[in-house]
Number of protein chains: 2
Amino acid sequence: MKPIVRPPDLRRRALILSLALLPALSVPLLPTSAPAQTATTEAPLPSWNDGPAKQAIIDFVRATTERSSPNYVPPEERIATFDQDGTLWVEKPMYTQIIYCLDRVPAVVAKRPELKNVEPFKTVLSGNREAIAKLPMHDLEKVLVATLTGMTVEEFKAEASKWLETARHPRWKRPYTELTYQPMHDVLRYLRANAYKTYIVTGGGQDFVRVYAEKVYGIPPEQVIGTASGTKYSYGKDGKPTLVKDPRLLLNDNNAGKVEGIHLMIGRRPYAAFGNSTGDRQMLEWTGAGAGPRLKMLVLHDDATREYAYGPATGLPDSKVGTFTQALYDEAKKKGWTVISMKNDWKRIFAFD
Amino acid sequence: MKPIVRPPDLRRRALILSLALLPALSVPLLPTSAPAQTATTEAPLPSWNDGPAKQAIIDFVRATTERSSPNYVPPEERIATFDQDGTLWVEKPMYTQIIYCLDRVPAVVAKRPELKNVEPFKTVLSGNREAIAKLPMHDLEKVLVATLTGMTVEEFKAEASKWLETARHPRWKRPYTELTYQPMHDVLRYLRANAYKTYIVTGGGQDFVRVYAEKVYGIPPEQVIGTASGTKYSYGKDGKPTLVKDPRLLLNDNNAGKVEGIHLMIGRRPYAAFGNSTGDRQMLEWTGAGAGPRLKMLVLHDDATREYAYGPATGLPDSKVGTFTQALYDEAKKKGWTVISMKNDWKRIFAFD
């Protein structure tokens, strides 16, 4: 008989960070605003060029929602899941949440001055990008724990909201929340107009993404599944209950963990799933293994001019491209998943284009 | 700095079982049917007698949903959470899920004959109720692990569905799914008609409750939060992905764990919460600590004729009544929570009354 309790696998947690190449820290400039919304009476997917990717989405929606279809899916079962980083918004030069954590270090050290001369905080405070880039995984985890846990859930939400309003992406000098892909907003809207419930299923922090998902994507907190730490319930000095974010890892929502997260939080198999890296592979496989038509799509970053080109678009061997492997795109081809070329399939990338 | 990973606390898991007094194993008799549904144009809460409990619900709904109210709550924030055992359905003589696990033992032993003469399976197979009642907690956990894990999520769903169709409650000789409280169906319907999203937040097994919650309560799987084990993603002989229920405990959704579960799965504080035991105390406290009107209700089992009388209704000291303590009802009174008297507040208990 298996043991009843096994500790979560730390190595899987480490994968969250494994692509965290080092960024410029962000510089406050402008207020955040939501991406432009277009009218709902328009033809579907206006930011998409005609082609097989756009057609696959339209065919899938018709097949599963038209009453006369042999593959009609009842509304309550219409679940669509979306990876976030690299699928709904820009993930370069590094995951936005990692930038948030690095940016938070000065405030954490101000409250806990004993950390000032302790690594990795000392290096992060130095602003030396090369040195920060060389911090070992174990040190980066200390930064995550120090900046994402130990405060109440309300305090975290307030801090992250404030940061999102002021932080700017180093390339576009815009709030990160404006660097969401307009064609994916089209897909979210189109699916929801057809009674699909849209979920984010992200390797990133669940609480972090929940701060902006409703405003930015129209996805409420209860439809955001992400890597989640525990919380600790206790009572403040006034006797009022508080819920404090805890370093204990509850769910590592990446790779097979995405399927586990979907089962835990939804309890139904998705009919549509969107991703862009090997972290999404199992979610797409699991979706594809269901009966009837299932939409499995991978975003290929092949547009160095308008966004970035990486992974298979570079021609580099898999050992050099992190989790955006040629092997994944070969699996996609073999299994009939649809690859979205940002360069060819997307008329525009951002709402401000 | 705290450790990043701590194993879940086994003692908390044990609490799930702590009220599991021993039952007659169930006897198949009749097909399951959903409780009677009444028209939606009726006055709210038809199965309730007029009184402070009914009035508290109506006042709360008006205060939070009428546009002119100073305490108006936007629809997307309208969350109501319900304990299940003893709050939505009968929990005596023991939790239905424990009866399911005991009933499953012969099938498990048929597949794994090496367990036949091993405790606790030997005792469970004997049918000796007194001996089964004396099984130590550690042994009951072995029964849970053997009957709730080690199969795919689809296999578990099929097995539990089949059992629910045939098993009967020893007192009423009806399917367990008919032993749901009609007045609570009224509340679920009334809240949903006012744009509240209704959730079950149960110490029982999440996967078990999800099997029937949509059909029985109109609550979809993604709105069932319960004690949850992990799952393991792998590939079958045909290469198809499978998700197998794993003994690893992910969430112990009882006591403070209910608040943690609500944060994990919803990410919003409820406006209304219903419970009946100390396992619900923190959920009600957390709900009550939010701003504006919040509905906190406790079901008091004080109707030995139509259902059962236990806890404070017995006049026994708290040391004798398990988790249905006078201390909890004293806290309710002190904090302005509303106690529902099944005897006085409910016109009828079941749909078949």
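Predicted model: local features only at pLDDT ≥ 70, side-chain atom pairs only at ≥ 80, totals over all residues.
Local features need pLDDT of at least 70 and side-chain atom pairs count only at pLDDT 80 or more, while totals for chains, interfaces and linings use all residues. Residues are numbered from 1 along each chain as its sequence is written, chains are lettered from A in the order in which they are written, and side-chain values use heavy atoms, without hydrogens and water.

Student: How many disulfides does the structure hold over all chains?

Tutor: A disulfide is a pair of cysteine sulfur atoms within 2.5 Å. Over all chains, the number of disulfides is 0.

Student: Is Cys101(A) buried or exposed?

Tutor: Buried means under 20% relative accessible area and exposed over 50%, with partly exposed in between (1.4 Å probe, protein chains only). Because its relative accessibility is 0%, Cys101(A) is buried.

Student: What volume does the largest cavity have?

Tutor: A cavity is a set of points, on a 1 Å grid over the protein atoms alone, where a 1.4 Å probe fits but cannot get out. Grid points are joined across faces, edges and corners, and a volume is the space filled by probe spheres set on the points. The structure holds 5 cavities of 30 Å³ or more. The volume of the largest is about 390 Å³.

Student: Which residues lie closest to the centre of the largest cavity?

Tutor: Lining residues have an atom within 4 Å of a point, and 35 residues line this cavity. The closest to its centre are Gln97(B), Leu148(B), Gly204(B), Gly205(B) and Thr227(B).

Note on methods: 1 Å grid on protein atoms, 1.4 Å probe; cavity = no way out; pocket = protein on both sides within 12 Å on 5 of 7 lines; lining within 4 Å.
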